[in-house]
Amino acid sequence: MGKRTGFMEYKRKDRGEREPSVRVRDWEDYTAPMNDKDVQIQGARCMSCGVPTCHIGMELNGVTTGCPLNHLIPEWADLVYKGQWKEALKRAHNKNNFPEFTGIACPAPCEGACVLGINEPPVAIRTIERAIVEKGFENGWIKPTPPISRTGKRVAIVGSGPTGLAAAAQLNKVGHSVTVFERDDRVGGLLTYGIPEMKLPYHIVERRVNLLKQEGIKFKTNTEVGLDYPVEKVSADYDAVILAGGATVHREMEVEGGNLEGVCYAMDFLHQNTKSLLDSDLTDGNYISAEDKNVIVIGGGDTGTDCLATAIRHNCKSLVQFDIYEKKSTKRNEHGNPWPQYPIIHRIEYGHKEAASKLGKDPRAFAVLTKKFVGDEQGHIKEVHTVNVRTRYEQGKRIREEIPGTEKIWPADLVLIAIGFQGPEQALLSQLRVERNVNSTVKATYGDYRTNVEGVFCAGDMRRGQSLIVWAIHEGREVARECDRYLMGETDLP
Ligand SMILES: Cc1cc2nc3c(=O)[nH]c(=O)nc-3n(C[C@H](O)[C@H](O)[C@H](O)COP(=O)(O)OP(=O)(O)OC[C@H]3O[C@@H](n4cnc5c(N)ncnc54)[C@H](O)[C@@H]3O)c2cc1C
Ligand code: SF4
């Protein structure tokens with residue numbers, strides 16, 4: 001334990017943020033680094049608990065709490081407090097191939113389960129993790145470590161998101177020859193084309209991918225398996241296949257007027273924006289612009305927040321985010337949502353601050369149900385009709401009632417639908433004759449990851465449905481272990 005009384009002496013402090021009114025003028029990382037001394041003080045707040053609930057990930061009430069990677073949090077927090085950064089970096093890499101991705105974009109379920117969080121703000125675990133890995137890169141401590149010898153076994157990984165990247169890193173480490181197929185032009189999956197540039201800059205993904213390339217992993221971009229590369233060829237050319245294609249088929253919004261021009265799905269908006277930004281600094285015009293438009297984002301989750309932050313940078317005229325749920329309390333409900341559950345509370349995320357700085361108020365409208373979209377004579381969206389709703393639960397069943405007299409009409413030139421995802425795309429899975437669950441995800445048991453097809457494994461969002469980076473890395477590591485066992489008859493991978 002670093003400092004026995006640290007948690008009593010020091011207040012929680014997170015990595016800073018750049019001034020919202022300034023950062024909305026660029027696409028750079030919205031955060032601001034913290035100095036070493038301040039990070040060390042945050043490390044001192046960790047109590048090095050006998051049972052560190054922060055590092056045990058599980059689902060409680062359907063929400064992840066604790067770290068699914070079983071990160072050695074108390075160990076690296078203590079090492080940071082003592083200034084032993086290089087040693088802390090080793091510990092951070094021990095359970096996580098990419099601590100920079102989680103250190104930046106993880107919603108930190110570890111902090112939700114931190115013991116200190118029972119009566120004080122929890123340890124700033126994510127801030128410490130990010131500082132450790134940034135120091136590692138700054139000092140050149142993170143170097144490619146190719147395997148000493150090769151096994152002669154060839155593995156194909158379909159999809160280069162965090163699941164595919166983690167699986168590739170682990171399998172390469174034990175000497176298998178790994179090829180990652182990616183249909184997009186850049187590697188990274190949703191790390192690249194989902195999470196926007198100001199939250200997770202592409203150069204951070206690229207920096208890690210370059211290391212993986214130097215370690216011997218091959219990447220075939222612009223190659224869709226099942227279309228550009230036949231499945232028969234994958235089966236013939238490789239000894240095992242891992243499906244890590246994600247789950248980005250959006251949930252349909254079945255509302256009148258949904259096919260009007262100007263009504264788009266969030267992923268189209270975000271993907272096109274990042275591609276155009278990286279290709280041409282938005283000069284090629286190949287993206288959906290929010291400039292000078294009345295924008296409505298439907299969906300109160302993180303994808304919706306990413307849409308807010310993107311639309312603000314386009315210089316939209318007005319911006320509203322509909323959340324179907326009522327506004328939550330800023331404090332955890334000790335009865336309905338006690339520690340160590342992940343706190344389901346009202347949060348003010350980066351996009352909300354940015355919208356408020358530009359438009360003068362928080363952009364959210366709560367308990368709002370969209371009834372229909374109405375267009376003009378040219379078939380372009382003109383307005384959104386809504387009604388407020390009340391949600392209650394009866395015997396665990398959610399009942400939503402419309403509140404008479406709360407009908408409202410909102411002017412709109414662009415509607416961005418961010419109401420979640422249905423599951424993975426089906427074409428490749430059908431070609432491979434892989435069995436699916438009723439919700440369209442791939443049937444492969446957690447911990448085993450085998451599909452019904454010999455030598456074909458599946459992990460990450462494609463198996464579990466749209467989730468988190470931390471679960472993707474966890475499943476990527478585990479599927480690598482099972483694949484190695486399949487290829488070699490035994491495995492040393494964790
Ligand atoms: C907008 C958005 C923001 C998010 N923000 C966060 C966040 O801040 N923090 C967090 O923890 N999680 C976040 N998530 C969730 C997180 O990004 C995902 O859970 C995670 O990326 C899943 O990883 P994956 O590797 O399983 O799939 P993906 O990241 O979806 O990668 C799958 C890849 O497979 C490729 N592919 C699919 N089929 C084929 C094929 N046939 N041939 C070749 N390639 C193929 C796809 O092009 C894609 O690149 C966000 C999700 C979205 C949509
Ligand atoms: S639960 Fe919190 S205080 Fe305890 S070891 Fe984990 S980070 Fe430290």
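This is a predicted model: local features need pLDDT of at least 70, side-chain atom pairs count only at pLDDT 80 or more; totals for chains, interfaces and linings use all residues.

**The open sheet and its surroundings**

Modeller: Val155 stands opposite Val178 in β6. The strands are β5, residues 154–158, and β6, residues 177–181, and they run parallel to each other over five bridges.

This pair belongs to an open sheet of five strands, and the pairing in the sheet is parallel. Read across, the order is β7-β6-β5-β8-β20. The two edges are β7 (218–220) and β20 (456–458); each has a single partner strand, so one side of each has no neighbour in the sheet. From one strand to the next, the twist averages 20°.

The loop between β7 and α12 (231–237) contains Asn222. Asn222 is not a glycine, yet its phi is positive, at about 50°.

A positive phi also turns up at Asp292, again a residue other than glycine, with a value near 60°. Asp292 sits in the loop between α13 (266–280) and β11 (294–298). With a relative accessible area of 54%, Asp292 counts as exposed, because the cut-off for that class is over 50%.

The peptide bond leading from Trp339 to Pro340 is cis, and its omega is near 5°.

Ile56 belongs to the loop between α3 (36–44) and β3 (58–60). The relative accessible area of Ile56 is 34%, so this residue is partly exposed.

Now the whole protein, as the setting for the sheet. Its secondary structure comes to 18 helices and 20 strands. The radius of gyration is 23 Å, close to the 23 Å that the globule rule gives for 494 residues, so the protein is as compact as a globular protein of that length. The C-alpha trace spans about 70 × 60 × 50 Å along the principal axes. Of the 494 residues, 53% count as buried.

To return to the part you asked about: β5 and β6 pair in the parallel sense, within the order β7-β6-β5-β8-β20, and β7 and β20 stand at the edges.

Conventions
Residues are numbered from 1 along each chain as its sequence is written. Chains are lettered from A and ligands numbered from 1 in the order in which they are written. Side-chain values use heavy atoms; hydrogens and water are left out. Helices (H or I, at least four residues) and strands (E, at least two) are DSSP runs, numbered from the N terminus. Buried means under 20% relative accessible area, exposed over 50%, partly exposed in between (1.4 Å probe, protein chains only). Two strands pair if DSSP finds at least two bridges between them. Axes are lines fitted to C-alpha atoms, for helices over the stretch in contact, and angles run from 0 to 180 degrees between N-to-C directions. The radius of gyration is taken over C-alpha atoms; the globule rule is 2.2 Å times the number of residues to the power 0.38.
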